[in-house]
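Biologist: I have a model open on my screen and would like to learn how to read it. Could you walk me through it, feature by feature?

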Amino acid sequence: MCGIVGLVAKTPVNQMLYDGLLVLQHRGQDAAGIVTDDGPMFHMHKGQGLVRDVFRTRNMRSLLGNAGIGHVRYPTAGSASSLAEAQPFYVNSPFGLVLAHNGNLTNDKQLKDEMYRTDLRHINTNSDSEALLNVLAHELSKRTDGPRLTPDIVFDAITAVHDRVRGAYAVVALVAGFGLIAFRDPHGIRPLSLGVHETPEGPEYIVASESVVLDTLGFKLMRDVAPGEALFISFDGQLSSRQCHQSAQLAPCIFEHVYFARSDSVIDGISVHEARLNMGKHLAKKIKAISPELEIDVVIPIPDTSRDSALELANDLKIPYREGFIKNRYIGRTFIMPGQASRKKSVRQKLNPIAVEFRGKNVLLVDDSIVRGTTSKEIVQMVRDCGAKKVYLASAAPPVKFPHVYGIDMPTRAELIATGRSDAQIAAEIGADAVIYQELDALIVACRDASHGLITEFETSCFDGKYITGDITDEYLDELEAKRLSPLSAKSKESKEGDPDSRVLDMNIGVAEQNLI
């Protein structure tokens, strides 16, 4: 899971891109990058770490231009420790292209082979995003004849990209001298919002992974980019769009609403806050139906994502809601940390219990989901250490039993605590007195109701094993797991220390003067 933002404005965009990436920091903490377009020149700075650590004043001053794209990375393909795989990526032909991608391609191995054998293009990293950039570059090259680029050429190229590429992808890209491209996979698995800001000089446009970026930067939400749709925004502010896939059908990833997205975002017309409130209502209904004997004194959320669900659940059960954990906001999200040891260590650093809220009580903890169980086990033990009589754990999501291949780092079945275990066995494994999971049908209804009936289908493969792209086989999953468990893969995911300058990259990329559309 990553965060992306693209801007075409009337004034320099470096500060807006930086601020936008700060707002999207929850979506990726491994690396960050910005590229701006300044006439015949791309200016790039990217590096490993948090946004605030990657960009210094001297870096920001060098990011000149009124258009640009930005990316925060959470690695799901390639190597977490590789600066070469920080985004955006660049190729010099045609015209000069830079691209940032949120998602995960499921046929990247095939694409890389095609690039080498047929398209005669070299892919220099293990990143699927570099493969996607080269597919786009190749399809644009096939349709251009001379130094001119039109929206129709862009849209025809993206139609061809959709035909070749499988998986989840929301993309922003810059074409030097021409404009910004944005497009979304035919199922709309990964989110992408479009906004506008009217100025005396004309409209400014933004595309971003979440609407909260638009709110923060003062843009008005126009709509979400439709599944299969492509946008082209010229550097003089002309917006064009076209549906580039004949059978596109919206089926967004439901895990965005469970965990990844901020509660103040609106994605595909769904208020994430409202969806999570609905999850709490349905979870309360299940507890009343199947576990009326549970004696619960207090409902306490595991911050932050579960707060909305826990509050609504407590209201429905007429049980006091209390805050029982203080969160250190300078520690990364444990779910997206690249390694089990890192996750276990960071739980105690991130959360500290308020002992008086637990002592002598039967506590119902509410979490957004239980994935590996590592964090849950640590938290349950902390609560017991505070003197709780009984500890129950409720999950606003169903059991995660299958790998998620569309951009979430949970590819091995062995890592998922719900795989092959009953609820009672899971409770025993994490040390809880009972575990209560949301039903999948209830989760879907919770999100569908928040869309007010506009969305009827969601991507739910990590819960039910049904992969919406139709190309995921047992052999594919086995290969993913083998790759993840290999010593080389494990080594690549270790964090690297040393000279900070070795973890950043600056580039000023000259591009020949071009005729605008």
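This is a predicted model: local features need pLDDT of at least 70, side-chain atom pairs count only at pLDDT 80 or more; totals for chains, interfaces and linings use all residues.

Biologist: Which other strand is joined to β6?

Modeller: Strand β7 (residues 167-175) is, through nine bridges, and these two strands also run antiparallel. To find the pairing on screen, go to Leu 105, whose bridge partner in β7 is Gly 167. As for cover, nine of the nine residues of β6 (residues 97-105) are buried.

Biologist: How do I read burial in a strand such as β4?

Modeller: Buried means under 20% relative accessible area. In strand β4 (residues 67-73), seven of the seven residues are buried, so the strand is largely enclosed by the rest of the structure. Then check each face: Ala 67, Ile 69, His 71 and Arg 73 lie on one side, Gly 68, Gly 70 and Val 72 on the other, and all are buried.

Biologist: Which strands pair with β4?

Modeller: Strand β1 (residues 3-8) pairs with β4 in the antiparallel sense over six bridges, and Ile 4 stands opposite His 71 there. Strand β2 (residues 31-38) also pairs with β4 in the antiparallel sense, over seven bridges. In that pairing, Thr 36 stands opposite Gly 68.

Biologist: Now a helix, please. Which residues of α10 are buried?

Modeller: For a helix, list the buried residues and then ask what covers them. In α10 (residues 307-317), the buried ones are Asp 308, Ser 309, Ala 310, Glu 312, Leu 313, Ala 314 and Leu 317. Their cover includes helix α9 (272-290) as well as β16 (298-301) and β19 (362-367).

Biologist: Is Asn 278 buried or exposed?

Modeller: The way to decide is to compare its accessibility with the cut-off. Asn 278, which is found in helix α9, has a relative accessibility of 10% and so counts as buried. Leaving aside neighbours within four places in sequence, Asn 278 is in contact with Ala 446, Asp 449 and Ala 450.

Biologist: Let's zoom out. How many helices and strands does the protein chain have?

Modeller: There are 17 helices and 22 strands in the protein chain. The chain's radius of gyration is 23 Å, close to the 24 Å that the globule rule gives for 517 residues, so the chain is as compact as a globular protein of that length. Along the principal axes, its C-alpha atoms fill a box of roughly 75 × 50 × 45 Å.

Biologist: What share of the residues is buried, and what do the contacts look like?

Modeller: Of the 517 residues, 61% count as buried. Among contacts with a separation of 6 or more, 72% come from residues 24 or more positions apart.

Biologist: And what about the surface and the charges?

Modeller: The accessible surface is about 20000 Å², with 50% of it belonging to carbon and sulfur atoms. The chain carries 57 positive and 66 negative side chains, and the centres of these two sets are 5 Å apart.

Note on methods: Residues are numbered from 1 along each chain as its sequence is written. Side-chain values use heavy atoms; hydrogens and water are left out. Buried means under 20% relative accessible area, exposed over 50%, partly exposed in between (1.4 Å probe, protein chains only). Helices (H or I, at least four residues) and strands (E, at least two) are DSSP runs, numbered from the N terminus. Two strands pair if DSSP finds at least two bridges between them. The radius of gyration is taken over C-alpha atoms; the globule rule is 2.2 Å times the number of residues to the power 0.38. Contact means heavy atoms within 4.5 Å. Accessible areas come from the Shrake-Rupley method with a 1.4 Å probe; for residues, only the protein chains shown count as cover. Lys and Arg count as positive and Asp and Glu as negative; His and the chain ends are not counted. The place of a charge is taken as NZ of Lys, CZ of Arg, CG of Asp or CD of Glu.
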